[in-house]
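Hi,

Here is the structure I promised to pass on. Have a look, and my notes follow below.

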Amino acid sequence: MITSRPAVRRLPAAGLALAACLTASPALATAATPAEARTGPGLDRFYQQRLAWGRCATGPDDTIGRDLDKAGAQCADVAVPLDYADPQGRTVTVAISRLKATDTRHRIGSILLNNGGPGGTAVESPPSVRAMMKEVGPRYDIIGFDPRFVGRSTPLDCHWPVGTAMLAAGPDRESFDGQVALQKDLAAKCRATNASVLPHVNTRNTARDMDVIRGALGERKVSYLGYSYGSYLGTVYTQMFPGRFDRMVLDGAIDPRRYGPLLMRSMVAPNRKALADWAGWAARHHGTYRLGDTRDRVLDTVDRILAESGRRPLTVGTAPDTFRVDATRVPFLVFVGLASDTEAARTSLAEHVAVLKQAADGQATRLSPEFAETLRVVLTGEYSSSGSAQTAILCGDGVAPRDPEVYWRDIERSRDTDPLFGPYLNNINPCAFWDEPRERPTEVRRDADPLIVNATGDTRTPYDGAVALHRLLPGSKLITLRGANQHGVYGEYGNACVDDKVNRYLATGRLPARDQSCTQQAG
């Protein structure tokens, strides 16, 4: 995922997800119409459907379903129109889960969850979110849902040879031209396999699905917790369905004017800073990882790995998990390790970079199961469905430049300041070859009052995006976590200051009187 809640990542690479925000084309306004603000005759059957709640496990190998069943959750499928302009036509399903309120005397209502992406799942999340919410958790029906064409919902798979389109341009024009050909082929595969549904894969339709879920649950209003891309989805919902939401928490916030196929371009500076901070940590652990005994020497090691992978692919692992990693993949492998500055996250990145260093030195390497899975994401088609859905949503939400020379010029300019992340976060992607989106992006035209949460060093949804969203929504309040390079704060980072403020809001429905600040805690 580009931007995902760290604790629920189904793939090691999911943390990268929204990390790739691009510089989207200027948003052309699409505001809520009267038809969107109410249910019409053609939509009544969806809003009034009776949900068949049952067990979540779909078979003996469904560990997520078994965990949900053990926690007391139930699951159901919600029928929604493929095309909301043609509600009598084809339908698709949206998978949801529910952990019902146990404090029924003080029940507040239902809260919907989105973990980011785009293309992230949340059916699995109600038990962990109940724990995060502490005393207020039992007062909510906690609803996880997998957006249309994601996870357990009606699937979308373009049968790609890779699990993500978020790759780097490589060291030269030849490697960039190879990327152009690959990205064009990925778009063609989606068109060949899913042409009938691609026009209906976008955030506005996901927001419409959310409102159908609200209606099917029998709720007049619904609360919402959205991380990363989920903050954009929540913002869109406030604009399309004003008056239909109660309490809303947007953690890792995106400036909606910046969201789109080029979103990741805004991530270069925060990732460079996070890499430097990690390098300082790695230098203090040189005796363990042998990456360099100063920050600069660790950064030199990373640069040498990138340069060597540009001359020849690095061979990592042992049979059957042997992979060849070139300079179009190395930036991804570093990037996915920078979503958090916890000890565990920094240790994991150090272990992975140490493997790449050994490979660059021509030494044999052994892979941890986690690193092998990350490599499978970027080098095989095992996770094609996840990459397909994420890309379809991004490309369905906005227009990308069509001319490869636009990307090449930006890549070349970026190399001087950041040879690692510049050619990665500015690279061409399948949206350059996608059909024109069916709808224009949503423009924020009306106020709303969510609680926004962001860390100042967030590498996936940079802090200035949270500030911008706060200004667009004057009724909102902003909680800032200072001093942390962390994507996804509430319930994820262990910061009691943030967690207590969010839970107080979820319990009372009252925003703080003014914006709040918390600081990174020692350790």
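Asp 61 sits in the loop that links α1 (44-47) and α2 (63-71); helices here are DSSP runs (H or I, at least four residues) numbered from the N terminus. With 71% relative accessibility, Asp 61 counts as exposed (over 50%; buried is under 20%, partly exposed in between, with a 1.4 Å probe and protein chains only). Asp 61 and Ala 466 are 405 residues apart in sequence and 40 Å apart in space, C-alpha to C-alpha.

Before going further: this is a predicted model, where local features need pLDDT of at least 70 and side-chain atom pairs count only at pLDDT 80 or more, while totals for chains, interfaces and linings use all residues. Numbering runs from 1 along each chain as its sequence is written, and side-chain values use heavy atoms, without hydrogens and water.

Now the inside. Beyond its neighbours within four places in sequence, Phe 421 is in contact (heavy atoms within 4.5 Å) with residues including Val 268, Leu 275, Pro 331 and Phe 335.

Finally, the contact between α5 (residues 203-216) and α6 (residues 229-240) involves, among others, Met 210 of α5 and Tyr 232 of α6.

Cheers

Note on methods. Axes fitted to C-alpha atoms, helices over the stretch in contact; angles between N-to-C directions. Helix = DSSP H or I, 4+ residues; strand = E, 2+ residues; numbered from the N terminus.
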